Amino acid sequence: MVEVTVTPQSSLADRPVAVQVRGLSPSQLVTLRAWLTDEHGERFQSRTFFRADAGGEVDPGRHPALGGSYSGVWPMGVFWFLQPDTLFRRLVKRDVAGSPFRVHLEVFDGICLVTGPQDQPLASCEVERWYVGPGVQRVPIREGRVRGALFLPP
């Protein structure tokens, strides 16, 4: 049974996580897709192609991506190389304290350049990427022409 795991499953956006795919056939070619929908309903995604090792595992921190959104060894590449489906959109988090980005990771058999509703992933999981830690207080700053926010630790 194929499974994709991210450790830890909930973390701050600037913290590294470990992504692993297990249960594949040795040397199996797979597509690892990450996607999220931002606060404006825009979809951002990355697609990367990997070949499983002799144990049937894929680890972006150890195994080089063969192509797609990036190539080579990038442990956080599936998150760093998210691109918008609509041109000229930027991934910006407005509500940094209230909710995380929920990133979906899916593993598909072979090279999948486009996925439709009929394409079922071999495995999937969801990850939370927070921009503010627990207990951090956000204080808006409005002084003359200065605008900003002060983030106070707990």
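Start by colouring the charges: the chain carries 17 positive and 16 negative side chains, and the centres of the two sets sit 9 Å apart. Here Lys and Arg count as positive and Asp and Glu as negative, with His and the chain ends not counted; each charge is placed at NZ of Lys, CZ of Arg, CG of Asp or CD of Glu.

Before going further, keep in mind that this is a predicted model, where local features need pLDDT of at least 70 and side-chain atom pairs count only at pLDDT 80 or more, while totals for chains, interfaces and linings use all residues. Residues are numbered from 1 along each chain as its sequence is written, and side-chain values use heavy atoms, with hydrogens and water left out.

**Zoom out**

Switch to cartoon and you'll find one helix and eleven strands, in the order β-β-β-β-β-β-α-β-β-β-β-β along the sequence. These are DSSP runs numbered from the N terminus: helices are H or I with at least four residues, strands are E with at least two. Along the principal axes, the C-alpha atoms fill a box of roughly 60 × 35 × 25 Å. Of the 154 residues, 38% count as buried, meaning under 20% relative accessible area with a 1.4 Å probe, protein chains only (exposed is over 50%, partly exposed in between).

**Select 123–130**

Strand β8, residues 101–109, runs antiparallel to β9 and is joined to it by seven bridges; look for V107 opposite A123. Strand β2, residues 10–12, pairs with β9 in the parallel sense over three bridges, and there S11 stands opposite R129.

**Select 3–7**

Next up is strand β1, with V4 and V6 on its covered face and E3, T5 and T7 on the uncovered one. Bring in residues 18–22, strand β3: five bridges join the antiparallel pair, and V6 faces V19 across it.

**Select T48**

Last stop: T48, in strand β5 (residues 43–51). Is T48 buried or exposed? T48 counts as buried because its relative accessibility is 0%. Show its surroundings, leaving out residues up to four places away in sequence, and T48 touches V30, T31, L32, A65, G67, G68, S69, Y70 and V78; a contact here means heavy atoms within 4.5 Å.

Definitions and conventions
Two strands pair if DSSP finds at least two bridges between them.
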